[in-house]
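Hi everyone, thanks for making the time this morning. I'd like to walk you through a structure that may be new to you, so please have a look at it first.

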Amino acid sequence: MKKLNIYIFALLGIIGCALAACDDDDNVTVAKAVLASAPSLSFEGLSAQPQSILIYADADWYSEAPDYVTISPATGHGGTTEVTVSIADNMRDGALDNPRQIDILFRGTTKKSIATVTIFQSGDTYRGVADYAIYEIATAPDKTAMVVPGVTVAENFGKGQVVTDGTDFAYVTGFPEGMTLGATGTLQGLKASDDAGYPYVQGEVFKTEGTAEFTRGEAADITDNLDSYSPDGMKYVSITGHVDGNNLLVDGQACSVVAIDAVEGLSFSELANHNVKVEGYFAGKSGKSVRLLATTIEDLGMYQIVYWSEDWEWLEPISVAAGVGDHVGTDDMDASAVALTSIKIPVDGGEMTCFDYIESKGYKFVYDKGDKKRTYLQRNYLKFGKTGNHSGIILPSITTVPEGESVLFTFDWSVMRQGSGKIDPVTLYVEVKNGDDVVRYDIPTHGWENGKKLEWIKATVDLSGVKIDKDTQITISQNEWEVGTANRWMLDNIKIIPKE
């Protein structure tokens, strides 16, 4: 009640001023200003306990409510009045009815002098709800309550389940009790769509009716038509490619594959730089990412020899704790990017910044104007620069390249898009320094039109004939330093590989 009084008293001055400015009549008897201390109240469906709110009015007020809601007192005078709201059981024909919502009113003389309090009462969401077949889920509006009978739990994943009616498949989140592998029954839940617009069911209740054998059947191989594959629903598929970070890449295809969920123990990143065959349920596309509910992964051996690499995946726990986003993966310019100097990491009973933590691994950041704050963490990659401030990075000592070996230096990079749609005009270079011997390579520009959706660009530098040993210093940075414009860029997946 203390918080309610604070709320009311904070408004007294505002209302008093408004009345003084608008009404000099000392004989007002019906309220021209009414306020309630809460915008809504929620009640259980059965045996709900009464709840209290405060009503403030500058004069007499009265209330309006349906028959099943009791307000005591139902009328009042100027000042602050504590009102008790009670509600009858939400029953119909001897059983719990659907949830209900109603507005109760506390009012004076005009439309402006009405305080509205919304009443929510729980009930049986699925009473009278029509049955849905799996193929009908996709076209139902989000938040539609649905009953899906005759389904079998086909797969259990880390974040959800796949159910089937023998013909079609659907993804279900929430892990309702009884949804064990092979269980058959009726699913109750709400239709939803994920960030990519793919339909699923927020499962709430699973009424188990038995068990059944489920066989996945043969997966459709979509490797060669990954870019164009567009089925009319969830299908069981297989894809062969090589693992790069958390993605599966397929030679000759622009799309990559990402596992949005997987059976326990399955991870792309654990087979980095391996050829693999992965099977799972196709769950739509997001840009150039094919989304998969992965069930199996077969290791087909090394994809390529890698002498040295950095994909920043070891920053995952820090990325999660810092709540950073993914500009490139989501094409969201508002995704959180936190300065490395602002992220604190516990180390040996103390703490250090993420900036210092990365430098402790042998990296060295370069920056202008003495400003260390202009390198940022994304998930899981680095972002460099802001308007008028620029930065780059020097790699740690590399000792794993065989002497005299001809190698390629590769990395993924991208740029930022401004609110107007303009793409930052940033260009990059790679510099290889051995003592006084310095070789500099300009990276081809992105060449993007303004407004283009962000994506990763593969950069490749031929370092044939260039020595790389423990004393070699390799820098990746931008050309634009003495400018006040926005030249921001992102870096990921650095590799040194043999030149074939």
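Predicted model: local features only at pLDDT ≥ 70, side-chain atom pairs only at ≥ 80, totals over all residues.

How much space lies in it? About 290 Å³. The lining is made of 14 residues, and those closest to the pocket centre are Ile134, Phe169, Asp232, Gly233 and Met234. Two elements give two or more residues to this lining: helix H2 (134-137) and strand E14 (169-173).

Next, please find strand E18, residues 236-244. Is it mostly buried or exposed? Eight of its nine residues are buried, so E18 is largely enclosed by the rest of the structure. Strand E21, residues 274-286, runs antiparallel to E18, and seven bridges join the two. Within that pairing, Val237 stands opposite Gly280 of E21. Strand E17, residues 220-221, pairs with E18 in the parallel sense over two bridges, and there Asp221 has Ser238 of E18 as its bridge partner. Then comes strand E19, residues 247-249, which is antiparallel to E18 over three bridges. E18 and E19 form a hairpin, with two residues between them. In that turn sits Gly245, with a positive phi of about 65°.

Now for strand E4, residues 61-64. As a reminder, in a regular strand the side chains alternate between the two faces of the sheet. In E4, Trp61 and Ser63 make up the covered face, while Tyr62 and Glu64 make up the uncovered one. Which strands does E4 pair with? One is strand E6, residues 75-76, antiparallel over two bridges. Another is strand E10, residues 100-107, antiparallel over three bridges.

Five strands form it, in the order E27-E30-E35-E32-E33, with antiparallel pairing. Which strands sit at the edges? They are strand E27 (364-367) and strand E33 (437-442), each of which pairs on one side only. On average, neighbouring strands of this sheet are turned by 20° against each other, direction ignored. To zoom in on one pair, strand E30 (residues 391-394) and strand E35 (residues 473-478) are antiparallel over two bridges. In that pair, Ile393 has Ile476 of E35 as its bridge partner.

I'll finish with a single residue, Gln378. You'll find Gln378 in strand E28, residues 375-378. Why does Gln378 count as buried? Because its relative accessibility is 0%, and the cut-off for buried is under 20%. What does its side chain reach? The side chain of Gln378 reaches the backbone oxygen of Gly325, at 3.3 Å.

How values were computed: Residues numbered from 1 in each chain as written. Heavy atoms only, no water. 1 Å grid on protein atoms, 1.4 Å probe; cavity = no way out; pocket = protein on both sides within 12 Å on 5 of 7 lines; lining within 4 Å. Points joined across faces, edges and corners; volume = space filled by probe spheres on them. Helix = DSSP H or I, 4+ residues; strand = E, 2+ residues; numbered from the N terminus. Pairing = 2+ DSSP bridges. Axes fitted to C-alpha atoms, helices over the stretch in contact; angles between N-to-C directions. Buried < 20%, exposed > 50% of the residue type's maximum accessible area, 1.4 Å probe, protein only. Polar contact = N/O pair within 3.5 Å; in protein donor to acceptor, adjacent residues only side chain to side chain.
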